Amino acid sequence: AWYAGSRRSLVKCLRSLEADVVLPAHHALGADFPVPWVGYVFDFQHRAFPEFFTPKTRGQRDRAFRTMLTRARVVCANSREVCRDVTRFVPEATSQVLGLPFAPIPVEAWLHAPAEDVRARYGISGRYFLVSNQFFVHKDHRGALRALALLRDEPEGGDVQLVFTGKMDDPRFPGYPDELRTLVNSLGLEGCTRFLGHIPKVDQIRLMQEAIAVLQPTLFEGGPGGGSVYDAVALGIPAVVSDIPVNQEIVGEDLTFFRAGDSEAMAAGMRVLLTRSPREPVEPAELVRRGQVRARALGLALWQAIEAVRMSGP
């Protein structure tokens, strides 16, 4: 059976698989759905930054979350912070809400990347920090550029660069990429910033492995650190990360936190890595071992959700 995007075809697929539970459901499937299901809520950014959303979108999100959290018996979230937000913003919720652990797991193919110099392909030389985010306003690319401008005025940071990857498009703020280019020019950073856009994942990972560190200036995330810090921790790469509450759930071996939204604090965190000895790469076998430990923890959490919905009755 093939899932064709409808409720009917989903039921048919699950029955053909003899599935005991389906998860995660991004939309409430209803009390009459024939297979026990675990719901999912992503984040409450529309409540933290209402100015980034239209009233219509905020209302749609509120209704969707309220429906999910009053109809699902069990719901998973990417962080403990989202679980706390459920209590704050949906007090009528009746679901059991389970936060999943931060569990970065390396893709083994990334640990044996080809020797090819990906930097040369993109015209990158010298030392750089990598910012790998979608170009959404809440990711605070502006703050990263201002931090770079501060470092470029110092002896230890005069040669440092910022390399940005990610799709340069925010439908909510279509002028944002042009605003960033204008800021680059006004700060005199034309020769030390690179906007690569959306590039193949393997190239992004290779550039991450060659970077001083991943820089994550984000002002909001649903999961700890977002995707770039997830990959950095999985691969044993240092990360300089904003100290928003959800990012405090990151567990890693080489993390530097700074006050979110503060470019001077961000520059200070970057300076720590610029002035220390070059890092020794972590052996692939050790990265695999760490990933296996995290995978077990994630598996136990998912199993807890499965057991909870199975034990909660028809």
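1. In this predicted model, helix α6 (residues 141–152) and helix α7 (residues 176–186) have axes that come within 10 Å and cross at roughly 10 degrees. Because angles under 35 degrees count as roughly parallel, over 145 as roughly antiparallel, 65 to 115 as roughly perpendicular and the rest as oblique, α6 is roughly parallel to α7. Axes here are lines fitted to C-alpha atoms, for helices over the stretch in contact, with angles running from 0 to 180 degrees between N-to-C directions, while helices (H or I, at least four residues) and strands (E, at least two) are DSSP runs numbered from the N terminus.

2. Where α6 and α7 are in contact (heavy atoms within 4.5 Å), H141, R142, L145 and R146 of α6 meet Y176, E179, L180, L183 and V184 of α7. The residues of this contact divide into 5 nonpolar, 1 polar and 3 charged.

3. Helix α4 (residues 80–89) has E81, V82, C83, D85 and V86 buried, a term that means under 20% relative accessible area, with exposed over 50% and partly exposed in between (1.4 Å probe, protein chains only). The cover over these buried residues includes β2 (37–41), α3 (55–71), β3 (74–77) and β4 (96–99).

4. Which cysteine sulfur is closest to that of C76? That sulfur belongs to C83, and at 8.7 Å it is too far for a bond, since a disulfide is a pair of cysteine sulfur atoms within 2.5 Å; the count comes to 0 disulfides. C76 is buried at 3% relative accessibility, and C192 is buried at 2%.

5. Residues are numbered from 1 along each chain as its sequence is written, and side-chain values use heavy atoms, leaving out hydrogens and water. Local features need pLDDT of at least 70 and side-chain atom pairs count only at pLDDT 80 or more, whereas totals for chains, interfaces and linings use all residues.

Technical notes:
Nonpolar A, V, L, I, M, F, W, Y, C, P; charged D, E, K, R; others polar.
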